[in-house]
Amino acid sequence: MADDLPPRARVVIIGGGIIGCSVAYHLCKSGWSDIVLLERKQLTCGTTWHAAGLITTLRETENATRLAKYSQELYSKLEQETGQATGFRQIGSIQIASSNALLHEMRHGCAMAESFGVASREITAQEVQERWPLADVGDIQAGFLFPDDGRANPTDTAMALAKGARMGGAQILENTRVIDVLTAHGRVTGVQTERGNIHADYVVNCAGMWARELGLLAGVDVPLQAAEHYYLITESMAGMHPDLPILRDPGNAAYFREETGKLMLGLFEPEAAPWGLDGIPEHFCFDDLPPDWDRMTPYLEHAMKRIPSMADAGIQLFFNGPESFTPDHNYLMGEAPSLKNFFVAAGFNSLGILSAGGAGMVMAHWIINGHPPMDVFDADIRRTHKFQNNQKYLADRTVEALGIGYQHHWPFRQWDTARGVKMTPLHDRVAAAGACFGESAGWERPNWYAPAGVAPRYEYSFDRQNWFDYSAQEHQAVRHKVGIFEQTSFSKFLVQGNDAERVLNWICSNNVSVGVGKAVYTQFLNERGTIEADLTVTRLAEDRYWVITAPFTHTHVLHWINEHIPAGAHCFVADVTGAYSMLNIQGPDSRALLRTLTDTDLSDKQFPFGTFQDLDIGYQRVQALRITYMGELGWELYIPTEFTLPVYDAIVEAGADFDLKHCGYHALNSLRIEKAYREWGHDIGTDDTPLEAGLEFTCNYSKPGGFLGMDALLRQKENGPPTRRMVQFLLQDPEPLLHHNEPILMNGETVGLTTSAIYGHTLGGAVAMGYLSHAQGITSDLIAGSQFEIAVAGRRYPATASLTPLYDPTRSRIYNGAT
């Protein structure tokens with residue numbers, strides 16, 4: 001490898017593990033050759049070298065599965081391309097379901113994965129035994145065979161990627177530690193190493209468990225934390241051979257595979273041990289950590305019951321090597337929101353070998369084209385929040401994060417660790433009302449309310465969970481009377497300045513050149529015409545707007561607005577989220593309730609839908625927006641923080657005469673899906689255009705100057721009806737439940753997946769949103785003339801499909817409500 005430090009490069013990649021090597025490889029394959037990869041010690045010396053090398057393609061989401069499949073296909077041909085062996089062998093894998101819950105989960109996951117090409121089939125316990133003779137199958141309900149899965153040698157695979165990168169012109173420098181990141185005017189300009197500076201157009205942080213420390217040098221938050229990670233290798237065992245499939249046993253938080261005639265047992269224990277809290281030692285290179293036998297022995301003994309003969313085998317190695325984990329167990333990829341052209345690819349949660357091929361492909365596309373090739377928001381670093389880089393938060397969350405992939409993927413599952421980061425002024429009030437809290441973007445939010453005498457605690461299941469009936473009551477209160485939602489967590493941005501209208505009217509698909517006090521529902525689109533955000537924009541004054549968005553999109557939306565303010569424009573964005581609480585009063589009796597509290601005329605004529613006015617409640621003045629996400633008459637009340645408690649108390653006291661009910665986010669979700677309201681991140685995102693999502697009504701093609709993404713939409717319109725379209729579904733059988741990612745069948749053929757789903761208590765069955773694909777276009781005639789089914793854990797159920805909302809399609813309840 002060349003030793004000379006170049007003065008500049010187009011791209012500098014920091015980190016010589018498999019991720020950094022893959023990014024370099026894919027940039028070169030895309031035609032960029034002026035690439036320099038810097039490694040502090042030696043290639044693969046951090047965590048790559050000790051990885052288990054499992055290539056198992058079933059993941060939790062469609063795009064994560066596609067990335068895993070890409071890695072699998074790449075590794076199978078990399079040796080032929082580079083001459084460097086990868087050790088990839090397609091031996092298959094088996095995942096064990098040792099309980100009814102795991103059986104349901106695996107049937108659901110396999111049905112999802114089948115729709116995008118992952119081969120799998122359910123096998124009996126006896127068939128598991130035939131393929132793994134050493135396994136005890138007495139408790140196994142079923143196994144799931146993935147014949148295309150395999151294993152690779154991590155170091156060899158990384159070296160093959162590195163060789164491919166060098167063949168494409170990349171320069172790889174070992175023993176070259178980066179000690180600073182160079183920046184100017186909000187943009188990365190290069191790196192400082194112990195050997196000198198390299199100026200660069202792009203810098204990519206692929207530093208693995210050092211990525212957080214490196215990010216801090218650049219002023220970029222990269223929230224990840226190293227933790228102890230274990231596997232055990234026995235002495236040679238009879239019956240072990242290299243063609244044995246990988247055996248995954250989530251019920252015991254373990255996996256098994258052959259290792260040169262021996263047995264490897266890997267653990268993903270439910271309570272992990274963070275490591276390196278005081279920093280990773282500078283000398284760390286191909287190092288391991290002393291194993292904690294006392295802590296790990298109970299997990300080992302439990303897992304070894306799956307292979308009873310392990311008890312008689314000697315132990316050759318009990319290995320403890322650190323891996324890095326993120327707070328939500330998703331990758332960290334993409335351009336940092338706080339530093340232009342500084343990219344991150346780290347935090348792969350012990351899935352680095354599996355993910356590296358796909359991650360390198362995505363990152364290269366992102367760097368070259370300015371956007372990823374698919375919607376990867378769940379891995380986008382712009383989903384993260386500054387508080388998540390807090391050291392104590394990371395340490396506490398990592399205890400749970402390491403093992404989460406081997407735990408039940410329950411619907412509505414909540415994190416148990418690192419909770420209570422953000423609490424609204426009403427936290428204690430709604431807790432006293434019975435709130436069971438979930439967490440979003442650090443906010444503690446009421447998901448449902450337990451009645452008196454019932455503990456507000458989840459009891460997880462794939463069937464109706466313990467809160468089902470309570471949430472149904474909340475849902476029906478909003479449909480028939482009135483409910484109160486505590487939604488302070490929503491992000492609130494003040495966009496102001498003489499050019500605020502011009503800036504927002506370009507970013508927004510809808511026309512925000514409206515009168516003061518008017519609210520506009522709109523999308524933010526990118527130049528490809530796909531959806532970057534879904535939100536409301538309210539005009540407060542000639543030079544001032546309010547942008548309201550979901551809390552998990554906070555960083556992304558703030559960055560998107562700032563990124564699209566032209567140089568020299570008189571436009572500024574302030575985050576005022578913490579300055580206001582928000583109470584949402586919804587239901588046919590909402591007007592009558594609020595009339596007892598204010599002198600403001602709330603009639604349709606004086607306070608029409610989609611308008612914003614000041615409102616006096618008691619001694620306090622609040623700002624009221626007449627809008628709904630539940631499909632009913634209602635108002636969102638934005639309350640200065642210092643006024644929150646007396647306003648809430650007044651509403652609750654007056655609400656007693658109207659049977660006012662506290663309502664949580666599960667009820668909000670069932671109400672909005674019945675009304676076919678979309679949610680960004682589930683139903684819509686950067687893979688979807690407004691035409692496909694049924695949101696073209698938010699696109700004002702005639703406004704002066706147009707809008708970002710308009711040209712792409714006009715080109716799509718020229719092609720006729722979209723070949724992919726969002727549709728609403730209702731199961732005809734009232735018993736089954738839907739959650740999301742269930743296959744949708746049209747006339748017996750799989751044509752899509754559900755994107756969000758829940759039980760519709762008014763419609764009387766499980767209701768879902770989902771996209772259909774049809775080469776001749778999706779039309780109302782096609783929907784009316786077709787038969788639809790949705791598959792739930794391998795069983796098909798007939799469904800009604802509609803392009804218009806199944807609940808209140810005329811919107812009469814929104815505009816009229818109760819008099």
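This is a predicted model: local features need pLDDT of at least 70, side-chain atom pairs count only at pLDDT 80 or more; totals for chains, interfaces and linings use all residues.
Residues are numbered from 1 along each chain as its sequence is written, and side-chain values use heavy atoms, leaving out hydrogens and water.

**Exercise 1. How many disulfides does the structure hold?**

Start with the cut-off: a disulfide is a pair of cysteine sulfur atoms within 2.5 Å. Now try Cys-206: its closest cysteine sulfur is in Cys-21, 9.2 Å away, so that is too far for a bond. Overall, the structure holds zero disulfides.

**Exercise 2. Which residues line the largest cavity closest to its centre?**

First, the term: on a 1 Å grid over the protein atoms alone, a cavity is a set of points where a 1.4 Å probe fits but cannot get out, a pocket is an open set with protein on both sides within 12 Å along at least five of seven lines, and lining residues have an atom within 4 Å of a point. The structure holds two cavities of 30 Å³ or more. The largest has a volume of about 140 Å³ (the space filled by probe spheres set on the points, with grid points joined across faces, edges and corners). Of its 15 lining residues, Phe-412, Trp-467, Phe-468, Ile-758 and Tyr-759 are closest to the centre. Helix 11 (468-480), helix 16 (665-674) and strand 34 (749-760) each give two or more residues to this lining (helices, H or I of at least four residues, and strands, E of at least two, are DSSP runs numbered from the N terminus).

**Exercise 3. Which element gives the most to the lining of the second largest pocket?**

The second largest pocket has a volume of about 570 Å³. Of the 30 residues lining this pocket, the closest to its centre are Gly-370, His-371, Arg-528, Glu-532 and Trp-560. Two elements give two or more residues, helix 8 (352-369) and helix 13 (554-563). Helix 13 gives the most, with four residues.

**Exercise 4. What is the geometry of the Tyr-202 and Phe-343 pair?**

Rings of Phe, Tyr and Trp (its six-membered ring) pair if their centres lie within 6.5 Å; planes under 30 degrees apart are stacked, over 60 edge-to-face, and the rest tilted. That rule gives 32 aromatic pairs. Tyr-202 and Phe-343 are 6.3 Å apart centre to centre with 50 degrees between the planes, a tilted pair. Tyr-202 sits in strand 11 (residues 196-205) and Phe-343 in strand 18 (residues 342-346), so the pair ties together parts 141 residues apart in sequence. Tyr-202 is buried at 17% relative accessible area, and Phe-343 is buried at 2%.

**Exercise 5. Where does the charged end of Arg-464 sit?**

Here's the test: NZ of Lys or CZ of Arg must be within 6 Å of the ring centre and within 35 degrees of the ring normal. The charged end of Arg-464 sits over the ring of Phe-468, 4.9 Å from its centre. Arg-479 likewise lies over the face of Tyr-807, at 3.8 Å from the ring centre.

Key. Buried means under 20% relative accessible area, exposed over 50%, partly exposed in between (1.4 Å probe, protein chains only).
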